[in-house]
Amino acid sequence: MRRGRVTIPTDENYVDGTKKIADLWGADAVRDCDGTHLPKNALEIAEKVYNTYFVVRGDNEWADVHTDELQSVLLMTDYVLATEETLVVDILKGYSHDQLGVNEENPKKYWQVFDRTTGEEIFTWEYVGNGQVCISDTIPYHEYTVNFFAKNLWDSTQMYNYITNHWDIEKHKVMEPRFEATFEHIKENMQKWCAENQNVNVVRYTTFLYHFFLVFNEMNKEKHVDWFGYPMTASPRAFDAFEAEYGYILKSEDIVAQGTYQNNFVNPTKRFRDYMEFTEKYVTKTVRELVDIVHAEGKEAMMFLGDSWIGTEPYGDHFKDMNLDAVVGSVGGGVTVRMLSEIPHVKYREGRFLPYFFPDTFFAGNEENAIEELNRNWVTARRAMMRKPLDRMGFGGYLQLAAKFPKFIKRAGEVCDEFRAICDAAGKEKPYAGLTVAVLNAWGVKRSWMCHMVAHELWYQQVYSYQGVYEALSGLPVNVKFISFDDIKANGIDEDIDVILNVGEEGTAFSGGDYWNDSEIVAAIRKWVAEGHGFIGVGEPTAYRKGGRFFQLADVLGVDKEKSITLSEDKYNIEKKPHFITADVTGEIDYGEGMKNIYALQGTEVLDITISDRFQRNVNVGEVKLSANEYGGGRGVYIAGLPYSAQNARLLLRAMFWASHKEEEMKRAFADNVCVDCSYYPGSAKYALINNTHQKQHTRFFDRDGIESVMELNPDEIVWITIGEGEKE
């Protein structure tokens, strides 16, 4: 049994049990969890001891005295209908009064009122106190909203855990470090805490200064959840500091943005980008002072990529300046593995796997479900780790709960052993990749592997058909880059890119929205494809209605979307044809939510189409789901949607190889069974065949030279092969 690379939770009431499980799992690190305390002899249990540290929450003694130095959050009211010429708006209606209170600091300077029916800002209003805004000269049957600052009275994460776990403890208020007195107090607390916690050698910041956008409604259920949102960084003090630094006044609407709050799906405006940059610089500078204190005490500083991570942007320009030692984050699947494992400028990266050891999973009679969740999470994440492994893994919650499930404990130990084996084999070198693929969206590298997320990898009906593209990519044998439209405009397209992927719905930051109104960008991509490269669109790629077309690269993709304005133009290309891309497909292809009203241009190869039995014609019928198109020396592919599955991952792989004119290269370091992935590590001359199912699988295996052999894999098994031996290790 191996040891190391594993972190487990503990608490002061479960020391002996922790020692036993640490021995079973080979854990070399222990950690506390929200609501628990480390044992005083924690260093006797493991070499590494993580302690959660809250920078701005949990010090109610200070917060209760400095009530004017609590954090704020920028909010918009619900739409309110005027029926007369005066309208009174209860601005906290619909929000949790346990979590939020009105920040009454100079409303006329910072708040804004809008007639959302006309889109105009309204100035005939007053804040009359007690959470009420009175708007005069309103137009009956127009809708109005108020942008306002609220005080954050209860930390969002503690509120969630409190409600979920039925806690009855003190509720944590949240302090604003932009106030000098509060920040000096924060630094003093950090110094004192380090001195008092000699049994801790890793400070696990959870996280730093500002929480992602999470506010609750009147029933204390989640109202707004945006893991990328910046409204909880906003405050009157931040707005004043922004004006002093950038030379112009930031308006609340620059962040509220008609209630979208400039979320990850919205093309970021210049003003919002400025505000993000401003916040990143402040967070980096402030956190660096705390990290320096930790390092001076001989401890490591670890950032939890969650909770209060906003302003850190791990793929941004300023992250390196915090001088962190490590990052830890929650693993939802392959996408979050890659999001964590590729973060630069830290010594090691850790993933916290599912399930949490919480009462909602670990209750009597639920052991098999807990094991199933562990297996599902592990097998999905494992694909990505074969391409770029994490350095460490761990679990969160209450170990005492998991200990009641002996079969779960056994299975988790097996996962820990397999994780270490992957790290030993794949953690020191780059695996072979047959292609370089670039994901094109408005964010580019800054939000690498963060596309189409609302809250990590939680399932949303509107995005799973797109999220599956990244999940597939996370474990495929290709190099993956993230590029932005601004990158193309400024620098063109890198020579090493074989295929560009554009994925998403019309008007979003991921499809591109009005970037497709830029003729320079459109022409640059057309030229690049025509010169011999590939372009793959999923959903509504290049969507922007202009010039009689909806897809601005319809000529490249070979398809467009009927918006009922070109119905008079007959469309005859409806015959489905076999193709290299669909060679491994059995049964029907899952397009998820799919896409309606896509039609093929003449000359395009239709690979899949649905035709309603209501129509018995050979023209103007059918909805194209998959197509392939020659474009000059290059190629375009259209896919209506791509939820993650083994078959869909293979379909995407084939589409990428076909689009880049490299079909003959695909069957090198390759397994022909769609349920089996293959990774090849040139430095060690090792191959790994990974069975991504709970059933036995057979596959034809092709080495780097195309030499074929037949392999059998047990359920969930990884088979390691060394060149020249052809045998399992």
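**Arg 204**

I started with Arg 204, which lies in strand E13 (residues 202–205); helices (H or I, at least four residues) and strands (E, at least two) are DSSP runs, numbered from the N terminus. I noted that this is a predicted model, where local features need pLDDT of at least 70, side-chain atom pairs count only at pLDDT 80 or more, and totals for chains, interfaces and linings use all residues. Residues are numbered from 1 along each chain as its sequence is written, and side-chain values use heavy atoms, with hydrogens and water left out.

Is Arg 204 buried or exposed? I found Arg 204 buried, at a relative accessible area of 3%; buried means under 20% relative accessible area, exposed over 50%, and partly exposed in between (1.4 Å probe, protein chains only). Leaving aside neighbours within four places in sequence, I listed the contacts of Arg 204 (heavy atoms within 4.5 Å): among them are Arg 31, Tyr 50, Asn 51, Thr 52 and Arg 352. I also looked up Asp 32, which is 172 residues from Arg 204 in sequence and 9.4 Å away in space, C-alpha to C-alpha.

**Second largest pocket**

Next I turned to the second largest pocket, with about 970 Å³ of space. My note on the terms: on a 1 Å grid over the protein atoms alone, a cavity is a set of points where a 1.4 Å probe fits but cannot get out, a pocket is an open set with protein on both sides within 12 Å along at least five of seven lines, and lining residues have an atom within 4 Å of a point. Grid points are joined across faces, edges and corners, and a volume is the space filled by probe spheres set on the points.

Of the 35 lining residues, His 37, Asn 51, Thr 52, Phe 54 and Trp 193 are the closest to the pocket's centre. Strand E3 (48–53), helix H2 (60–65) and helix H5 (180–196) each give two or more residues to this lining, and H5 has the largest share with 6 residues. I sorted the lining into 13 nonpolar, 12 polar and 10 charged residues; Ala, Val, Leu, Ile, Met, Phe, Trp, Tyr, Cys and Pro count as nonpolar, Asp, Glu, Lys and Arg as charged, and the others, Gly among them, as polar.

**Largest cavity**

How many cavities of 30 Å³ or more are there? I got 7, and the largest cavity has a volume of about 110 Å³. It is lined by 14 residues, and Arg 650, Leu 653, Val 676, Asp 677 and Cys 678 lie nearest its centre. Helix H17 (646–659) makes the largest contribution to this lining, 4 residues. The lining divides into 11 nonpolar, 1 polar and 2 charged residues.

**Strands**

Then I followed strand E20 (residues 435–441), which pairs with E21 in the parallel sense over 7 bridges; two strands pair if DSSP finds at least two bridges between them. Thr 436 stands opposite Asn 479 in E21. In strand E21 (residues 478–484), 5 of the 7 residues are buried, so E21 is largely enclosed by the rest of the structure.

Last, I looked at an open sheet of 3 strands, in the order E31-E34-E35 with antiparallel pairing. E31 and strand E35 (708–713) stand at the edges with a single partner strand each, so one side of each has no neighbour in the sheet. Strand E34 (residues 697–702) and E35 pair over 6 bridges, and Arg 700 has Val 710 in E35 as its bridge partner.
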